Amino acid sequence: STFYLSRIIFLRALALVYSVAFFVAYTQNQGLIGDHGITPARRVLDSAQRRGKHKRRERQEWLEQFHHALPRWKRLLYHDKVYQNVREKLWDRADRLGRPVTTVLWLYKDRSHLNPWLNNIALVGMTFSLYILF
């Protein structure tokens, strides 16, 4: 095809940008959002989890009042435990402005030692981007 070389160059350039970005994240994560960083991720995650629990309680109260007005499929969906857990983990946990905090750091239960996770996330990103680059 006529754009074969363009695609290869663009992909390699993008991989270079990503590898530099992950390298910068690797060198700066601990100082910025690490365990003893300027704004520890632990605080952000804990406050987002508290807001998520509050939103879930408010939704439950609303459902108890207005569940009869919802279609049957929505009532079944809102009472499903799997749906509630996924929604709480991926959508309800929000920052102060109400934007969802979606991160793989939710998988790590002990938030007092996030530095290894931050380093590993950056290393995995660097590895994948360098694989594409070379």
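**Exercise 1.** Decide which kind of link joins the side chains of D92 and R87, and state how far apart its N and O atoms lie.

*Solution.* Step one is to name the link: the side chains of D92 and R87 meet in a salt bridge, at 3.5 Å from N to O, where a salt bridge is a side-chain nitrogen of Lys or Arg within 4 Å of a carboxyl oxygen of Asp or Glu. Since this is a predicted model, local features need pLDDT of at least 70 and side-chain atom pairs count only at pLDDT 80 or more, while totals for chains, interfaces and linings use all residues. Residues are numbered from 1 along each chain as its sequence is written, and side-chain values use heavy atoms, with hydrogens and water left out.

Step two is to look at how far each partner is covered, where buried means under 20% relative accessible area, exposed over 50%, and partly exposed in between (1.4 Å probe, protein chains only). D92 is buried, with a relative accessible area of 0%, whereas R87, at 24%, counts as partly exposed.

**Exercise 2.** Find which residues are linked with D92 in a network of salt bridges, and where the partners R59 and D92 lie in the chain.

*Solution.* First, R59 forms a salt bridge with D92, and the closest N and O atoms of this pair are 2.6 Å apart. The pair links distant parts of the chain, because R59 belongs to helix 2 and D92 to helix 4, 33 residues apart (helices are DSSP runs of H or I with at least four residues, strands are runs of E with at least two, and both are numbered from the N terminus). R59 is buried too, with a relative accessible area of 17%. Putting the pairs together, R59, R87 and D92 are linked in a network of salt bridges.

**Exercise 3.** State which residues of helix 4 are buried, and explain why they line one face of the helix.

*Solution.* Helix 4 spans residues 81–92, and its buried residues are Q84, E88 and D92. Seen down the axis of helix 4, these residues fall within an arc of 45° (the arc of the directions from the helix axis to the C-beta atoms), so they line one face of the helix. In general, an α-helix has 3.6 residues a turn, so residues three or four places apart point the same way. The buried residues of helix 4 pack against helix 2 (41–66) and helix 3 (72–79).

**Exercise 4.** Describe at what angle helix 2 and helix 4 pack, and which residues make the contact.

*Solution.* The two helices pack at an angle of about 130°, with their axes 9 Å apart; axes are lines fitted to C-alpha atoms, for helices over the stretch in contact, and angles run from 0 to 180 degrees between N-to-C directions. Helix 2 and helix 4 are therefore oblique to each other, given that angles under 35 degrees count as roughly parallel, over 145 as roughly antiparallel, 65 to 115 as roughly perpendicular and the rest as oblique. The contact (heavy atoms within 4.5 Å) is made by residues including R56 and R59 of helix 2 and W91 and D92 of helix 4.
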